[in-house]
Amino acid sequence: MLAILHFFPDADDPHALVGRLLQALPAGSYLTVTHATADFDDGMERLAATYRASGIPAQTRSRAEILRLFSGLELLDPGLCTVHRWRPDANTPTDLTDAQVSFYGAVART
Ligand SMILES: C[S@@+](CC[C@H](N)C(=O)[O-])C[C@H]1O[C@@H](n2cnc3c(N)ncnc32)[C@H](O)[C@@H]1O
């Protein structure tokens, strides 16, 4: 679910949507979510508002709100963090800030 769930406002119950998806997967599958956040920069919230003004539902979420999408699942290390901090490798730029990235991501085992 890469860069998808922020297009589902709370009224669409994204947590339930994730649950339906997981029910269709064999045990031991992995769920990956990346999600826009305004935790570090309110520019991301302004971007979401621009989407909404154009008729596209969009909702930023806080770290705690995104974490709830994984309830009942076991997060792989390092857990939910901005995506450039999730197991960075030699190709990951070292000068990025959380505000510049403004996306959380995590991988969980079902
Ligand atoms: C930023 S793109 C990400 C695409 C892909 N997952 C990736 O990471 O390259 C956002 C995706 O969300 C999908 N999307 C947005 N609203 C949706 C909805 N209501 N139902 C299903 N898909 C939706 C769009 O079709 C688009 O493919």
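Let's start at Phe-7. This residue is partly exposed, with a relative accessible area of 29%. Keep in mind that we are looking at a predicted model.

Phe-7 has a partner. Which residue pairs with the ring of Phe-7? It is Tyr-51. The ring centres are 5.5 Å apart. The planes stand at 65 degrees, so this pair is edge-to-face. The cut-off for that label is over 60 degrees. Now look at where the partners sit. Phe-7 is in the segment before α1, and Tyr-51 is in helix α2, residues 43–53.

The structure holds two aromatic pairs. The other one joins Phe-40 and Tyr-104. Here the centres are 5.7 Å apart, with 55 degrees between the planes. This pair is tilted. Phe-40 lies in the loop between β1 and α2, while Tyr-104 lies in strand β4. So this pair ties together parts that are 64 residues apart in sequence. Phe-40 is partly exposed, at 35% relative accessibility. Tyr-104 is buried, at 5%.

Tyr-104 takes us inside. In soluble globular proteins, nonpolar side chains tend to be buried together. How many residues make up the largest nonpolar core here? Twelve in all. Tyr-104 is one of them. Others include Leu-5, Val-18, Leu-22, Val-33, Phe-70 and Ala-106. Which elements each supply at least two residues of this core? They are α1 (14–23), β1 (30–36) and β4 (103–109). The largest share, three residues, comes from β4.

Pick Val-33, a member of that core. Leave aside its neighbours within four places in sequence. Val-33 is then in contact with Met-1, Leu-5, Phe-70, Tyr-104, Gly-105 and Ala-106.

One last stop: Ser-102. Where does Ser-102 lie? In the loop between α4 (98–101) and β4. What does Ser-102 touch, not counting residues up to four places away in sequence? His-35, Ala-36, Thr-37, Asp-41 and Met-44.

Key. Residues are numbered from 1 along each chain as its sequence is written. This is a predicted model: local features need pLDDT of at least 70, side-chain atom pairs count only at pLDDT 80 or more; totals for chains, interfaces and linings use all residues. Side-chain values use heavy atoms; hydrogens and water are left out. A nonpolar core is a set of buried Ala, Val, Leu, Ile, Met, Phe, Trp, Tyr and Cys residues joined through side-chain atoms within 4.5 Å. Buried means under 20% relative accessible area, exposed over 50%, partly exposed in between (1.4 Å probe, protein chains only). Helices (H or I, at least four residues) and strands (E, at least two) are DSSP runs, numbered from the N terminus. Contact means heavy atoms within 4.5 Å. Rings of Phe, Tyr and Trp (its six-membered ring) pair if their centres lie within 6.5 Å; planes under 30 degrees apart count as stacked, over 60 as edge-to-face and the rest as tilted.
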